[in-house]
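Please examine the model shown below.

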Amino acid sequence: MSDVRPVQMSSPVLTVRQVDAYHAITVVAPGIAERFRSGQFVAVAVGGEHSAMLTRRMFAIHEVKPDYGGTVEFLFTVRGKGTAWLAERRSRDLLDIIGPLGRPFPLPRDPVNCVLVGGGSGSVPLFPLAHALRRRGCRVDFVLGGATASRVFNAMTARRIAETATFTTDDGSLGTKGRVTDVLAQVIEEAYSDVVYACGPMPMLREVTAIAMHYGIPIQVSVEETMACGTGICMSCVVPVVGEDGITRMARACVDGPVFRGERVRFDDVGTVPFDALGAPGWKARSVEDQAREAG
Amino acid sequence: MPLDAETVAETAAMIPDLRVRLGELELANPVVTAAGCAGAGRELARFFDIARIGAVVTKSVTVEPRAGWPAPRIAETPSGVLSTVGLQGPGIDVFVQRDLPWLLSRGARAVVSVAGGSVDEYVTLAQRLSEAPGVTAIEVNLSSPDLSRGGEHFTADPEAAAQVVAAVRETARSDIPVFAKLSPDVADLVALAGKCVAAGADGLALVNTVRGMVIDVDTMRPAVAGGMGGLSGPAIRPIAVACVYQVHAAYPEVPIIGMGGIGTGRDALEFLLAGASAVAVGTALFHDPSACMRVLRELERELIDRGVERVESLIGAAHHGMGGLGVAAG
Ligand SMILES: Cc1cc2nc3c(=O)[nH]c(=O)nc-3n(C[C@H](O)[C@H](O)[C@H](O)COP(=O)(O)OP(=O)(O)OC[C@H]3O[C@@H](n4cnc5c(N)ncnc54)[C@H](O)[C@@H]3O)c2cc1C
Ligand SMILES: Cc1cc2nc3c(=O)[nH]c(=O)nc-3n(C[C@H](O)[C@H](O)[C@H](O)COP(=O)(O)O)c2cc1C
Ligand code: FES
């Protein structure tokens with residue numbers, strides 16, 4: 001669990017705007033803004049006070065600013081009834097919001113070369129990360145993809161803040177026709193990348209991890225598993241992750257993640273409980289005595 | 001401005017006495033967490049002081065670690081949640097070494113929910129919890145698959161349920177009250193409750209989730225990995241209130257922890273009037289992690305507005321003058 005305590009607040013909407021194909025909402029939320037580290041997200045209650053929608057909606061924090069004591073911006077596309085309700089919000093409406101949640105992206109101590117890979121709305125958390133890396137003197141290269149040009153999030157900003165920005169679209173309307181994983185190896189070689197950060201759908205994260213491992217460089221991924229509470233109590237957002245001790249656990253993406261070391265996530269087993277996971281049928285529980293004996 | 005004696009007395013009289021007694025168990029107030037919706041308190045402690053609610057009811061603890069069901073485990077339904085977590089947890093060793101001491105260090109009352117696949121497993125759990133200091137009560141989750149009968153829930157057979165309750169009551173230290181937790185998905189809840197009480201249950205926890213299903217019409221598959229799931233939240237509240245009402249009518253002396261869709265002080269009051277002595281908040285915590293404290297505050301306000309001095313005076317009040325009508329209507 002992240003050591004920074006999240007806060008729950010009733011936050012007034014400051015501005016609502018459109019960024020490419022995305023709705024962007026900025027709320028006044030000083031407690032969240034001051035605690036925020038890149039990679040963290042907010043959990044937003046939708047539907048108003050007596051809402052029939054009981055689960056919260058999670059959104060990566062795109063930007064925090066010191067205005068009005070602290071503001072937080074998140075972006076989304078309308079996917080279902082919760083995001084449809086959010087898209088109707090206007091300035092001065094109140095949002096019940098919890099944040100910052102989740103394990104942030106770890107930052108390198110030294111000014112190394114970082115490549116940031118994002119697909120669709122998964123690119124959102126990479127922008128505050130890029131700023132944080134730049135402040136540390138790191139080189140930043142972006143590889144962003146989407147179905148079509150308007151779905152490639154914030155291409156202009158990416159070009160401005162990064163050393164290079166490479167784009168891919170399924171239809172070829174921007175950059176290379178294809179997927180981010182088609183161009184990543186070349187970017188890593190040309191930029192002499194030392195670290196990879198990635199955020200997007202699971203199949204993409206899995207391929208990006210494979211490429212990073214091929215080059216033997218560290219890879220941090222931010223996963224997007226279905227969530228309901230965002231605070232770690234409902235146990236719905238589990239992903240099979242190998243721990244330091246070599247044991248696979250069903251980790252909660254909302255508090256143990258969403259950022260994990262890529263090689264620790266068992267991408268082939270996402271959506272299942274691996275046979276050898278802690279507490280699964282193939283797990284051989286060791287008795288307390290065994291553990292005590294090993295501990296010496 | 002100095003307050004005159006009369007004003008002081010009036011103000012004092014307005015703060016209702018929230019203490020409740022469930023048999024031998026006394027709680028500072030009637031609001032507790034629902035098992036499986038609050039972990040072992042750690043996550044919620046980031047949002048409110050867990051020592052201020054009546055008790056923390058933990059996620060059901062099992063003998064061995066359990067991995068649970070694969071994702072997706074939750075689907076939202078109108079005013080409800082359908083879930084299949086599958087009792088994921090670290091097992092009793094880790095619970096007793098790590099989670100329980102932590103809860104006690106925070107000054108919280110710990111009601112420990114237990115789930116097993118056999119009578120023996122429940123006995124082991126009761127034993128371990130009796131050896132550990134500081135357990136306020138044991139809640140026996142009987143909606144757990146009985147491995148000796150093809151995975152049917154213990155509640156499906158009142159005899160099997162009673163056997164578990166009797167074994168836990170016999171094993172557990174005599175000063176630890178034992179509550180039997182039941183789901184409404186049974187042929188005759190009142191009869192089952194009676195069996196559990198006869199087997200030694202000191203109280204009942206009503207209700208566990210109601211079986212349900214959601215099919216994703218786009219993928220044409222069940223929305224949760226387990227296929228069927230347990231429905232919770234306000235969607236099941238009238239069912240839960242009916243269960244509490246019927247069981248209280250049949251066994252007015254047996255303390256009940258009522259739950260099912262409680263999200264406000266008014267909801268809590270409804271369960272108290274039906275006959276619950278304490279109320280558990282579950283799914284509402286997913287929406288509002290401070291829901292327990294809010295429910296408590298709102299309940300206090302409801303009592304003040306009604307001029308009620310002792311919350312206990314309202315327990316089962318909806319039955320007064322009903323002449324057993326509710327039972328007949330069931
Ligand atoms: C850590 C994290 C960060 C995210 N960041 C962004 C972002 O920056 N921008 C953005 O557009 N979207 C983001 N998402 C996805 C976003 O949460 C969903 O699009 C949104 O919850 C859909 O809600 P809905 O009511 O419109 O859809 P519905 O389908 O009606 O939602 C029903 C339920 O499923 C859950 N759900 C549905 N889709 C997802 C999903 N993809 N991930 C998680 N839960 C889901 C909802 O939370 C809700 O509980 C993020 C998800 C996670 C887990
Ligand atoms: C995600 C989830 C997990 C649960 N886990 C348990 C559990 O481990 N043991 C148990 O006795 N009940 C469990 N329950 C049932 C709740 O304790 C409660 O009885 C039920 O959800 C109704 O209350 P609610 O509507 O306030 O949630 C769980 C419910 C949910 C939604
Ligand atoms: S979303 Fe509830 S535990 Fe992660």
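Colleague: What ipTM does the predictor give the complex, and what pLDDT does chain B average?

Modeller: The pLDDT is the predictor's confidence in each residue, from 0 to 100. In chain B, 94% of the residues score at least 70. For the complex the pTM is 0.93 and the ipTM is 0.91, and the average pLDDT of chain B is 93.

Colleague: Over which residues of chain B is the pLDDT below 50?

Modeller: Where pLDDT is low, the predicted coordinates should not be read in detail. The stretch concerned has five contacts in the model beyond near neighbours in sequence, a contact being heavy atoms within 4.5 Å. It comprises residues 325–330 of chain B.

Colleague: How many disulfides does the structure hold over all chains?

Modeller: A disulfide is counted for a pair of cysteine sulfur atoms within 2.5 Å. The sulfur of A:C114 has its closest cysteine sulfur in A:C138, at 4.2 Å, which is too far for a bond. Over all chains, the number of disulfides is zero.

Colleague: Which residues of chain A does the UniProt annotation "binding site" cover?

Modeller: The annotation comes from an unreviewed UniProt entry; positions are given in the numbering used here, feature names are shortened, and annotations may be inferred rather than shown by experiment. The annotated residues are spread over 26 residues of sequence, yet they cluster in space, with a largest C-alpha distance of 10.1 Å.

Colleague: Is A:C234 buried or exposed, and which residues of chain B does A:C234 contact?

Modeller: A:C234 lies in the loop between β12 and β13 of chain A, where strands (E, at least two residues) and helices (H or I, at least four) are DSSP runs numbered from the N terminus. Buried means under 20% relative accessible area, exposed over 50%, and partly exposed in between (1.4 Å probe, protein chains only). A:C234 has a relative accessible area of 3% and is therefore buried. Leaving aside neighbours within four places in sequence, its contacts in chain B are B:I74, B:V85 and B:F286.

Colleague: Which residues of chain B are in contact with A:S236?

Modeller: A:S236 is placed in the loop between β12 (219–222) and β13 (238–242) of chain A. The residue is buried, at a relative accessible area of 4%. Apart from neighbours within four places in sequence, A:S236 contacts A:T226, A:M227 and A:A228, and in chain B the residues B:A71, B:R73 and B:I74.

Colleague: What is the relative accessibility of B:T209?

Modeller: B:T209 sits in the loop between β12 (203–206) and β13 (210–213) of chain B. Its contacts, leaving aside neighbours within four places in sequence, include B:S183 and B:G230. B:T209 counts as partly exposed, with a relative accessibility of 29%.

Colleague: Which strands stand at the edges of the open sheet of eight strands in chain B?

Modeller: Two strands pair if DSSP finds at least two bridges between them. The order is β3-β18-β17-β12-β11-β8-β7-β4, with parallel pairing. Each edge strand has a single partner strand, so one side is left without a neighbour in the sheet; these strands are β3 (31–33) and β4 (56–57).

Colleague: Why is strand β16 of chain B largely enclosed, and which residue of β16(B) is the bridge partner of B:G212?

Modeller: Four of the five residues of β16 (residues 228–232) are buried, so this strand is largely enclosed by the rest of the structure. β13(B) pairs with β16(B) in the antiparallel sense over four bridges. The bridge partner of B:G212 is B:G229.

Key:
Residues are numbered from 1 along each chain as its sequence is written. Chains are lettered from A and ligands numbered from 1 in the order in which they are written. This is a predicted model: local features need pLDDT of at least 70, side-chain atom pairs count only at pLDDT 80 or more; totals for chains, interfaces and linings use all residues. Side-chain values use heavy atoms; hydrogens and water are left out.
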